[in-house]
Amino acid sequence: MSGLPGSPVHGRPPAIVCENLVRIFKVADLEVVALQGLDLVVQAGEIVAIVGASGSGKSTLMGILGGMDLPSAGSVTVAGHDLTRMSRDERTAYRRRVVGVIGQQTERNLLPYLTAVENVEVPMILDGVRHTRARALELLQLVGLDARGDHRPDRLSGGEQQRVAAAIALANGPAVLLADEPTGELDSATAAEVFGVLRLANRELGTTILVVTHDPLVAEHVERTVAIRDGRTSTETLRRRVTSDDGRHEVIAEEYAVLDRAGRVQLPRGHVAQLGLRDRVQLRLQADHVGIWPDRPGADGAASRAGEPAAGDPAAEAAADKAAAHDPEAPA
Ligand code: ADP
Ligand code: MG
């Protein structure tokens, strides 16, 4: 893929597009707004980590993308399928062929009375595929478990079970693999192995992967991490591998705020706290950035504060713009 992670790939439609996704759960007389206008675009072939506090809406999003739940409002398209307009049969076919799902609870991903290879055959058999054994063994080989094919789940470790779960999820060649905290019950070394399998599937099979994780190590190994806060995507971290002049490789991480289609940006909590921002802020458009200033009653406006040109003075504004363009510390 060329360009920054998350940027459109020429000629290929995105794998996932969520626009203004809303999901409200009604419990007795209470309404819980689990998703409140979530926007997310994932390009085909990407592997994206989703992070966020407990209760922020991650599993609700995964449930909708997996075709298990419907949004209350908004639109969602996965691999060209509009998930809000599917019949029951289309939804069943979608769950069998278009998405693969790995859940957090290891024992729930596998049928206990079937061997590993039989477990991988199940989704293919349900889909009417014949000659499933060879394909199942191939997938077990991909996840590094071909020698364990005849073991039942109770004879596999937690990490091995999740790798079989990955093979099951990949069995029908889904365009998108969804994994909701697949390593949540594993120690970090085992988690790294399971995550390695996801990366391999992404690389070898071209599967688009969305993985919810609390593991900072996992999040550090993908090029793009999207943070969800209060039912919305809030920030994104993009990592790029660069080669320095002396030939060393390093990874540069840059944090971005998400700009939704209505032009809204959610500021990181730390920024808000540090500058004591509240209720409203002053915005000022510069040639290549927008400045945000606290609203301080009695102050004579952001425009005349140190380092900023007075409004209406084009020469001073141009000079400040020029300086800002070269000053990485300039307010963004
Ligand atoms: P996360 O996966 O990020 O921890 P969830 O998507 O599971 O968050 O939950 C988001 C919010 O929606 C929480 O407040 C949760 O209690 C609520 N919620 C999730 N599923 C249901 C449900 N089936 N019924 C009622 N409330 C729910
Ligand atoms: Mg969850």
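## Burial and overall make-up

In this predicted model, buried residues account for 32% of the 332 residues in the chain. The chain holds 10 helices and 13 strands. If you look at contacts between residues at least 6 apart in sequence, 63% of them join residues at least 24 apart.

The ligand comes at the end.

## The four-strand sheet

Let's start with an open sheet of four strands, arranged in the order S2-S1-S4-S5 with antiparallel pairing. Its edge strands are S2 and S5, the latter covering residues 81-82, and each of these pairs on one side only.

You can follow the sheet pair by pair. S1 and S2 run antiparallel and are joined over 10 bridges, with Lys-26 standing opposite Glu-31 in S2. On to the next pair: S1 meets S4 (residues 73-78) in the antiparallel sense over five bridges, and here Cys-18 stands opposite Val-76 in S4. Then S4 and S5 pair, again antiparallel, over two bridges; Val-78 has His-81 in S5 as its bridge partner. S4 and S5 form a hairpin with two residues between the strands, and Ala-79 in this hairpin takes a positive phi near 50°.

## The seven-strand sheet

Another open sheet is built from seven strands in the order S6-S7-S8-S3-S9-S10-S11, and its pairing is mixed. S6 (99-102) and S11 (249-257) are at the edges with a single partner strand each, so one side of each has no neighbour in the sheet. On average, neighbouring strands of this sheet are turned by 20° against each other, direction ignored.

Two hairpins can be traced here. S9 and S10 pair in the antiparallel sense over six bridges, and Arg-229 stands opposite Arg-232 in S10. The hairpin they form has two residues between the strands, and Asp-230 in the turn has a positive phi of about 50°. S10 (residues 232-243) goes on to pair with S11, also antiparallel, over nine bridges. Along that pairing, Glu-236 stands opposite Tyr-256, while Thr-237 stands opposite Glu-255. The hairpin of S10 and S11 has five residues between the strands, and Gly-247 in its turn shows a positive phi of about 85°.

## Helices on the sheet

Where does H1 lie? H1 lies across S3 (47-51), S6, S7 (176-180), S8 (208-212) and S9 (224-229), and runs at about 150° to S7. H6 also packs on the sheet, where it touches S6 and S7; its direction makes about 165° with that of S6.

Why is H1 largely enclosed by the rest of the structure? Six of its eight residues are buried, so the helix is largely surrounded by the rest of the structure. The buried residues in H1 are Lys-58, Thr-60, Leu-61, Met-62, Ile-64 and Leu-65. After H1 comes Gly-67, which has a positive phi near 75°.

## The nonpolar core

The largest nonpolar core has 64 residues, and those with the most contacts inside it are Leu-65, Val-120, Ala-166, Ala-167 and Leu-210. H6 (residues 158-170) gives the most to this core, with seven residues.

Leaving aside residues up to four places away in sequence, Leu-210 touches Ile-16, Val-42, Val-48, Ile-50, Leu-65, Val-176 and Leu-178.

## Around ligand 1

Which elements supply at least two residues each of the shell around ligand 1? They are S1 (16-27), S2 (30-42) and H1 (58-65). H1 provides the largest share of the shell, three residues.

The residues around ligand 1 include Phe-25, Val-27, Val-32 and Ala-34. By type, the shell divides into four nonpolar residues, seven polar and one charged.

Notes: Residues numbered from 1 in each chain as written. Chains lettered and ligands numbered in written order. Predicted model: local features only at pLDDT ≥ 70, side-chain atom pairs only at ≥ 80, totals over all residues. Near = placed C-beta within 6 Å. Nonpolar A, V, L, I, M, F, W, Y, C, P; charged D, E, K, R; others polar. Buried ≥ 20, exposed ≤ 12 C-beta atoms within 10 Å, placed from the backbone. Contact = placed C-beta atoms within 7 Å. Pairing = 2+ DSSP bridges. Core = buried A, V, L, I, M, F, W, Y, C linked by C-beta atoms within 7 Å. Axes fitted to C-alpha atoms, helices over the stretch in contact; angles between N-to-C directions.
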